[in-house]
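Please find below a short note, written as numbered points, to be read beside the sequence and the model.

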Amino acid sequence: MDDCIFCKIIKGEIPSEKLYEDELMIIIKDIAPKAKIHFLAIPKKHFKYFSDMTEQDAVMLGRCIKKVGTLAPSLGLEGGFRFVVNQGDDAIQTVPHLHMHLLGGQKLAETDFNK
Ligand code: 5GP
Ligand code: ZN
């Protein structure tokens, strides 16, 4: 998507603090962290909603999630992390490219969400 900020970050057209990249996703620091550690795991394929996913996308996203679990300790999230995906207006999704928030590096309150 030409006007998608995350597609531009993936293409390197907008700078980001990148922690990880493979053929399926990147993991970057969120520009406005809501916790001591706040990363975004962003699949390289552009789609907005889970409901947009093909069966192939489901396999791809499963691989991304598995990789997040494997990488978490090396990213400073060895104590655990909260995994948030905002979908649509009620969740105040602001970037229309599906992404996973990883929040941690501190003891989170039950009520600590992305917003
Ligand atoms: P959403 O509200 O769509 O779930 O999350 C979008 C997230 O992207 C927000 O936490 C916001 O701070 C982050 N974000 C927006 N623009 C940029 C950017 O240009 N760079 C980075 N690293 N994060 C961004
Ligand atoms: Zn995109």
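1. Does Cys7 count as buried or exposed? Cys7 counts as buried, because its relative accessibility is 8%, where buried means under 20% relative accessible area, exposed over 50% and partly exposed in between, with a 1.4 Å probe and protein chains only.

2. A word on the basis of this note: the model is predicted, so that local features need pLDDT of at least 70 and side-chain atom pairs count only at pLDDT 80 or more, whereas totals for chains, interfaces and linings use all residues. Residues are numbered from 1 along each chain as its sequence is written, chains are lettered from A and ligands numbered from 1 in the order in which they are written, and side-chain values use heavy atoms, with hydrogens and water left out.

3. On the cysteines, recall that a disulfide is a covalent bond between the sulfur atoms of two cysteines. Here a disulfide is taken as a pair of cysteine sulfur atoms within 2.5 Å, and by this rule the count is zero. For Cys64, the closest cysteine sulfur is that of Cys7, and because the two sulfurs are 14 Å apart, they are too far from each other for a bond. Cys64 is itself buried, with a relative accessible area of 1%.

4. On the overall layout, the protein chain has two helices and five strands, which follow the pattern α-β-β-β-α-β-β along the sequence; helices (H or I, at least four residues) and strands (E, at least two) are DSSP runs, numbered from the N terminus. The radius of gyration, taken over C-alpha atoms, is compared with a globule rule of 2.2 Å times the number of residues to the power 0.38. For 115 residues a compact globule would have a value near 13 Å, and the 14 Å of the protein chain agrees with this. Of these 115 residues, 39% count as buried.

5. On the sheet, the five strands form an open sheet in the order β1-β2-β3-β5-β4, with antiparallel pairing, where two strands pair if DSSP finds at least two bridges between them. The edge strands, each of which pairs on one side only, are β1 (18–21) and β4 (81–84). Strand β3 (residues 37–43) pairs with strand β5 (residues 100–104) over five bridges in the antiparallel sense, and His38 stands opposite Leu103 in β5. Helix α2 (residues 55–71) packs on the sheet, where it touches β1, β2 (25–29), β3, β4 and β5, and its direction makes about 45° with that of β2. Contact means heavy atoms within 4.5 Å, while axes are lines fitted to C-alpha atoms, for helices over the stretch in contact, and angles run from 0 to 180 degrees between N-to-C directions.

6. Where is His97 found? His97 is in the loop between β4 and β5, and it counts as buried, at 0% relative accessibility. Not counting residues up to four places away in sequence, His97 touches several residues, including Cys4, Cys7, Ile42 and Phe47.

7. Gly105 lies in the segment after β5 and counts as partly exposed, because its relative accessibility is 32%. Leaving aside neighbours within four places in sequence, Gly105 is in contact with Lys36, Ile37, Gly76 and Leu77. Gly105 and Ala35 are 70 residues apart in sequence, yet their C-alpha atoms are 7.3 Å apart in space.
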